[in-house]
Amino acid sequence: MKVYSFPQGGLLFDDSTVPSRDSSETAYLPVLSVIPLIQHTGDRANPVVSVGDFVREGMLVGRAQGAGSANIHATIPGKVVRMVSWEMTKGQTNDALVIRMEGSFEKLGKREEIFSWKNLSPFELQRFISESGIVEMEGTGRPIPDILSTLRPVQGSLTLVVRCVFDDPWLAADYVLCRERLKAVVEGSAIMARVASADRIVFAFSCKEKDLGALFLAEAENYKVPASLVLTGSRYPQRNRRELELVLRNYEKKESVELGSLLVLGPATLAATHDAVKLKKPILDRYVAVGGSAVKNPQVMRVRIGTRIGEIFAECGGFIDQPERIAVGSPLLGRTVVDLDEPVIKSTYAVFAMLGSQVNDAVPRNCISCGECRIVCPVGLDPEELYKRITVKKSGNTDVPSECHGCGCCEAVCPSRLPLSSVILNAAVKGQLV
Amino acid sequence: MRVLDSKLNLKPQVNLSRSTAVRMWLVSICAGIAIIQSALMDRGSSLAMAAVTVGAAIMVELLIFYQARQGMARKGVSSGGGGIADGSAVASALILTLLLPNSIPSVYAGFGAIFAMVVIKHSFGGLGSNWVNPALGGWLVIRFSWPTAFERALEGSPLNSGFPVLQNSPLDTAVSSFLNDKIFSFTGSGLPGGYIDRLFSGSPGIIADRGLFALLLGTIVITASQVNRFWIPAIFLGVYALLIRAFGALALGGALWEGDILFGLFSGGTIVAAFLLMADPATGLKSTAGMFVAVILGAVFSFGFRYFGREAYGAFFAIALVNALAPLIRSIEYRRLYARKGV
């Protein structure tokens, strides 16, 4: 079977500190759950409970407010003991409800009630998805209804792309999810195809996981939507939307298959869609890869949303030594965590703590024009020149290309430790989009 | 625009490459062991010359950084990364030492190091901003400022005769016989005598040629450590060897396809030119295609200068010429490959 890869740049990333992809462990339930009201791209959800109220497991605690916002639910039963606030980027404040576990669980440990969805209309299915607060379970957490609304004006055919491209070992949580909840992901894909009126489903798998892809394809035969398997390369950032679309357009041309517009979603989002529609269950937990060189026992865990990151590390045996850096996401593209009380949210797919040797930091020095940034740039930009224009010549605002999608490859390989992608992306946003 | 704003929070949390400083120190080790090998056969004068060049380069760097810091402090700006800890001054000084004959007066070497640091490196903006390799710039200044001293230091060098008669030492005979019996006999070929001695040459010449065995070991280390791109020296040496084989003897009055490849590669500073000068990133080109062109040009010029121009160290002039052409080729690269993307 042909393997499709994006034409230039990228890098092969391997990391021995990622957890094993063999199985997952269920994390302990948090005694205190911190439920942020912003777990999505838009404005914060409007809290519908107050301090002192009792909440049930899966109960709505924050209602979406406008585009980009999504409903928020309690993930444990208990009492709202306080509301905390902290400042995010650009001075925006995020609030969170702190829930102390009390009372009994309504879903956990109970037999799951299964609802049939096959006779429901796309509109009704979307209502379930919207009520359950389903967002993209990675990146910025864009709400699914918002994504679907952008597809409405699209004429012609539409393909749902199930993004099972593991170009980064830190996507271990998604991989384990695909193995352990294969049926749910495939059924979630069928539901999403119905909601979006997609003509076909494409399972995009890294070539290394082609056997898993074949299982997905076999399972998809139970549904009436035409499905196919596309094998991709494993170079980072193959999973990125632009690089994935390049590959799929190439597939479309080679195989003479009309894909039309693409709706690209990850397996975690589709499993959540399945739960929302078939089990009437909002997002209560998610798979999270916990690891890094500072962590004693790295593992993939099934963690309740709202569990504090510090508790997860403690459950993995704590730290070997003082970590140099703690972050969420992937080491290739993550966000530094400054407080271990920060909770796991819907889009947290990995948390890691690294020793200094893994961070491999050094004093930033002059660019030596080694050209490694140019070699790895998947867009074919010249990050060195762009960086120099922005920082030295101060003329970046007008001519910084919007093609940079911030994959971070250039910065990850810079021997001079220059913040290339951060500076370029920042300039692109300031110069063109603000 | 929240989507894009939140993307700004995301950045690489690790760096996957060796730092500039580590690269510079690896290059310094590569050059340093070749100097030590040469010093074993000249009672330490190669080492003394290295001490002078390194000392001069460090002194100049310290003075320049002291002045820069003072200036920045006056403007209330904090000074960024820099200083001798990045290893670039030491690396440049040691490469310069490799390019010089071991018997040239050390004062010239010291002057070359000062020129390399002040004029070539820092007057263009410091590390990474130079248009020619600093060591090569220093070498050119010494070569043209004191040509007599340079020639005198190379008297008796096998490079001064077109077809050198290679003397075989017992070690050479033993190793050549071993290789011929155990390895080359399978291919029906044989290694003539005299080439193993080139690896341990004690005859007059530049230090890079005198410490060739250690230099080759060093280049293996820096190539394996991905300090340079392996294909750059590989293509340079390949093209150079092909030209030597085809036309090398012809240029010296012999026949076509009778050129002596091994002698060409093992002398005239070819190895240091291929691995340290041609592969220097700061003076290289932007794209793989551009670098490919530059490497081929470097090899062709090296052959032309050495065999038809009768300049024993033609490879150094060739690389200086390619460095001079680099801005022109870079501008073509801009227009062809990057300009449409906002640069």
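## Terms and model

Two strands pair if DSSP finds at least two bridges between them. Strands (E, at least two residues) and helices (H or I, at least four) are DSSP runs, numbered from the N terminus.

This is a predicted model: local features need pLDDT of at least 70, side-chain atom pairs count only at pLDDT 80 or more, and totals for chains, interfaces and linings use all residues. Residues are numbered from 1 along each chain as its sequence is written, chains are lettered from A and ligands numbered from 1 in the order written, and side-chain values use heavy atoms, without hydrogens and water.

## Sheets in chain A

One open sheet of chain A has 3 strands in the order S4-S6-S7, with antiparallel pairing. Strand S4 (46-47) and strand S7 (72-73) of chain A each have a single partner strand, so one side of each lacks a neighbour in the sheet. Strand S6 (residues 60-63) of chain A is joined to S7(A) by 2 bridges. There, A:Leu60 stands opposite A:His73.

Another open sheet of chain A has 5 strands, ordered S1-S12-S11-S10-S13, and its pairing is parallel. S1(A) meets strand S12 (residues 227-232) of chain A through 2 bridges in the parallel sense. A:Val3 has A:Leu231 of S12(A) as its bridge partner.

## The interface of chains A and B

Chain A gives 65 residues to the contact and chain B gives 42. Contact here means heavy atoms within 4.5 Å. About 4,400 Å² is buried between the two chains, 53% of it from carbon and sulfur atoms. Buried area is the accessible area (1.4 Å probe) that two parts lose on being put together, summed over both.

The interface holds 4 salt bridges (a side-chain nitrogen of Lys or Arg within 4 Å of a carboxyl oxygen of Asp or Glu). A:Glu411 forms a salt bridge with B:Lys11, with the closest N and O atoms 3.5 Å apart. On the side of chain B that touches chain A, helix H1 (2-7), helix H2 (20-40) and helix H16 (314-338) of chain B each supply at least two residues. H1(B) gives the largest share, 6 residues.

## Aromatic pairs

Over all chains, there are 19 aromatic pairs. Rings of Phe, Tyr and Trp (its six-membered ring) pair if their centres lie within 6.5 Å; planes under 30 degrees apart count as stacked, over 60 as edge-to-face and the rest as tilted. B:Phe301 and B:Phe305 have ring centres 6.1 Å apart and planes at 15°, so the pair is stacked. Both lie in helix H15 (residues 288-308) of chain B, 4 residues apart, about one turn of the helix.
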